[in-house]
Amino acid sequence: MQQVNVPNLALSNIEYLCLKMYANPGMPARWYLRALHQYRFGTPGTGSWSAMYLNPRGHYRGKLFIDEAPKTKAACGMVTHNCSKRGQFRLMPAGMAYARRAAAKIGAEL
């Protein structure tokens, strides 16, 4: 079995996501997850790796960031709510604090 060499990275996953959302607001969830995979492993992912961070029922969504896309598409299955065709994520005040801490860790200013 070949061992994968993972670089020593300064930021945690959630810090990286918040910093990426600060730098590029309004992108869909999959875009941020692909960027996170690129940061972690050096190769672009499919956009589903670590989806737990952006899950609607997850711990961070609604606290650190929010999806502001209009809910115009009918949801699939036996649910009665609408969903968005393409997410538009924005940071909330707590997410801005994470982004500032992440920037300070790597020596950048926001």
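Analyst: This is a predicted model, in which local features need pLDDT of at least 70 and side-chain atom pairs count only at pLDDT 80 or more, while totals for chains, interfaces and linings use all residues. Residues are numbered from 1 along each chain as its sequence is written, and side-chain values use heavy atoms, leaving out hydrogens and water.

User: In which helix is Asn-13 found?

Analyst: Helices are DSSP runs of H or I with at least four residues, numbered from the N terminus. The run of residues 13-23 holds Asn-13, and this is helix α1.

User: Is Asn-13 buried or exposed?

Analyst: Buried means under 20% relative accessible area and exposed over 50%, with partly exposed in between (1.4 Å probe, protein chains only). Asn-13 has a relative accessible area of 14%, so Asn-13 is buried.

User: Which residues does Asn-13 touch, not counting those up to four places away in sequence?

Analyst: Contact means heavy atoms within 4.5 Å. By this criterion, the residues that Asn-13 touches are Leu-36, Arg-40, Trp-49, Ser-50 and Tyr-53.

User: How is α1 oriented towards α2?

Analyst: Axes are lines fitted to C-alpha atoms over the stretch in contact, and angles run from 0 to 180 degrees between N-to-C directions. Helix α1 and helix α2 (residues 29-41) pack at an angle of about 125°, with axes 10 Å apart. Angles under 35 degrees count as roughly parallel, over 145 as roughly antiparallel, 65 to 115 as roughly perpendicular and the rest as oblique. Therefore α1 is, relative to α2, oblique.

Note on methods: Helices (H or I, at least four residues) and strands (E, at least two) are DSSP runs, numbered from the N terminus.
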